[in-house]
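Here is a short tour of one protein chain, from its overall make-up down to a few individual side chains. Keep the viewer open and follow along.

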Amino acid sequence: MYGFINSCLQSLVIERFGQVTWDKLSTLAGVQDTFMTYTVYDDILTLSLVKEACSLLDVPADVLLKLFGEHFFLFCKQAGYDTMLRTLGGNLIEFIGNLDALHSYLALSYQEMNAPSFRVEMTDDGKMLLHYYSDRKGLYHIVPGIMEAVAREFFDSKVTMVVLNQSEEDERTGKKEHVVFLVKQTNQAGKTRDQVASLTLLEWVCLIYFPGSLQCTFSPCYPNKLWMEEKAFCNAFPFHIVFDEDLKVRQTGVNIQKFVPGLQARDATLDQYFTIIHPQVTFTIRSIRKFINSQFVLKSYKDKHTTLKLRGQMVWMESLGCMLYLCSPKLRNLQELQDVGLHLSDLAQHDVTRDLVLLNQQRLAEMELTNQLERKKEELRILSQHLEAEKHKTETLLYAMLPRHIANQLKDGKSVKAGDFEVCTILFSDVVTFTNICAACEPIHIVHMLNSMYSKFDRLTNIHDIYKVETIGDAYMVVGGVPVPTETHSHRVANFALGMRIAAREVTNPVTGKPIQIRVGLHTGPVLAGVVGEKMPRYCLFGDTVNTASRMESHGLPDHIHLSSSTYRCLKDAGFNIQERGQIEVKGKGQMTTYFLLGNLLVSEDSIMGRKVGGTGLYREDLQKASHHQVQSVQLCSVV
């Protein structure tokens, strides 16, 4: 099927069920995001989309296909085929009878199109039967959707269709699906189609302009004698063929004689030189008469290097027992005209094929240009996706170096002013005996050890939502309450420190083979923060709080978390297990009373390490955000 069909299905899903549903459906079916109108896609892809749509939407296939049929009609109208569809017929019967002709015309542009075929049959009791033929089995539910939309939009009437029979048509070659529908049409005035189907065009005019009166009728007048010479007829219709019930050729136009001279042989039959391409019926008078209202396409058997296709109308002449095939060469463009060995002069002056070939030549050029534009558009879309992916990678790297809002300001070319933070909690840590470890093993082992340790620490920063300032060698520095102020800055950093100690026990010392030990120090106070440098800008902290936090780390003990008195005051009533160390001499600070953080009595180790799935937030702000989002979700559900 052409991309036009798949685009219609995409449009249906998006309009009725939303873009998110289409995204899920395309992923399940393994299809691309967009379809190119003039590109041919495998039927399996379309059928897969239908199957997955039925499963995803929990809708029966017949319901979805009928919905697609209705949407397909509207989609065609929006695509520019509205006027073409409206002019097919003055009533539903004429409309259906000309669908095959429309498909034949569209095939000039869509050469690979394999369209279904339609035939209307009127029973003796006045009922209308619609015969549907298709190479694709299981899609006949589309037909009622299309016909109901056509009747409603074009003929202001309502149609109900019931399947009477499903079989393989005897007259048709190959394994084709043949479905017979019983059609009942009711117009706005309440009359059924049986009451109005037999009206002539003039009677329809009278019914419209003179309601209640059908006295104006029309009867054609035929001459007693056909005032036309045989020679003039053969020249005027150079591609006509007359054949009898046995398919024996009785008469041909002058150009048929020229290009298929074998037809002039005695007892030559039409099926010796031609095969029926459309409709796909057996080459017998009975089958042809059954499809007499269809446009017939005949293809000559290959003669040397050329194959001639003819397209036209079959007319049964009862008195002569013969069939008249009024036809013209079936040509898509000037190249095909040349390939067959024809010239425009070989086509009769009244034959619209002359104009059709020239117009279609221009249309094919426009189609090729449109196809190229669609391909370029698709290439640009894919490049845009790749660019967006690369942009995301770049932003992820940038946000790893700088706070998000700071990075966004720098991206916008704005200068970032330094900011004062009245209170925050800073943490420093280092590895015990790191110098000895570096002296005793290969550098690559050091890199692996630090990478393993820092990866675990970085994960913890995301869990407790604190900012990693920098790492220098074995030193690791984080801050809570900067760059986004928070009341629980000390609680977050304290829990992070407890998590660091647990994580460090999972990292092996490359020298001893035992878990490494770290020293951790915390201090709470004011800082100044800002971006320094241009080549490799960093978000740095300045002030005595930084120095004091560093002293807490350097004066700490292995596998201990050392707290200043200011940090202790923030944590003492928050459920943390804290032990007083006492007064110690701190370089540059003198005597200080410090403490050791031993644990958190209110929070489990799994919560601190982020192992608890689906648990509640550790901090008041997180709980408030979760509660706010929950309220919004409830309000949204109540609105829906």
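Predicted model: local features only at pLDDT ≥ 70, side-chain atom pairs only at ≥ 80, totals over all residues.

## Aromatic pairs

F4 belongs to helix α1 (residues 3-17) and Y81 to helix α4 (residues 61-86), so their pairing ties together parts that are 77 residues apart in sequence.

For another geometry, turn to Y454 and F457. Their ring centres are 6.4 Å apart and their planes stand at 50°, so this pair is tilted. The two residues are three apart in helix α17 (residues 443-464), which separates them by about one helical turn. Y454 and F457 are both buried.

## Charges over rings

Rings here also meet charged groups. At F291, the charged end of R119 sits over the ring, 4.8 Å from its centre. At W227, the charged end of K225 takes up such a place, 4.6 Å from the centre of the ring.

## The overall fold

Now step back to the whole chain. How many helices and strands does its secondary structure come to? There are 22 helices and 18 strands. The chain has 640 residues, and 44% of them count as buried. Taking the contacts between residues at least 6 apart in sequence, 60% join residues at least 24 apart.

In soluble globular proteins, nonpolar side chains tend to be buried together. The largest nonpolar core in this model has 56 residues, and those touching the most other members are L85, F95, I96, L130 and F181. Helix α4 gives the most to this core, with nine residues. Apart from it lies another core, of 40 residues, including I446, V493, V507 and Y595.

## Cysteines

How many disulfides does the model contain? The count comes to zero. Take C8 as an example: the nearest cysteine sulfur belongs to C76 and is 6.7 Å away, and C8 is in no disulfide. A disulfide needs the two sulfur atoms within 2.5 Å.

Is C8 buried or exposed? With 0% relative accessibility, C8 counts as buried. C570, by contrast, is partly exposed, with a relative accessible area of 31%.

## A closer look at T353

Finally, zoom in on T353, which is found in helix α14 (residues 353-401). T353 has a relative accessible area of 6%, so it is buried. Its side chain is joined to that of D351 by a polar contact of 2.8 Å. Beyond its neighbours within four places in sequence, T353 is in contact with S328, P329 and L347.

Note on methods:
Residues numbered from 1 in each chain as written. Heavy atoms only, no water. Helix = DSSP H or I, 4+ residues; strand = E, 2+ residues; numbered from the N terminus. Phe/Tyr/Trp six-rings, centres within 6.5 Å; stacked < 30°, edge-to-face > 60°. Buried < 20%, exposed > 50% of the residue type's maximum accessible area, 1.4 Å probe, protein only. Lys NZ or Arg CZ within 6 Å of the ring centre and 35° of its normal. Polar contact = N/O pair within 3.5 Å; in protein donor to acceptor, adjacent residues only side chain to side chain. Contact = heavy atoms within 4.5 Å. Core = buried A, V, L, I, M, F, W, Y, C linked by side-chain atoms within 4.5 Å.
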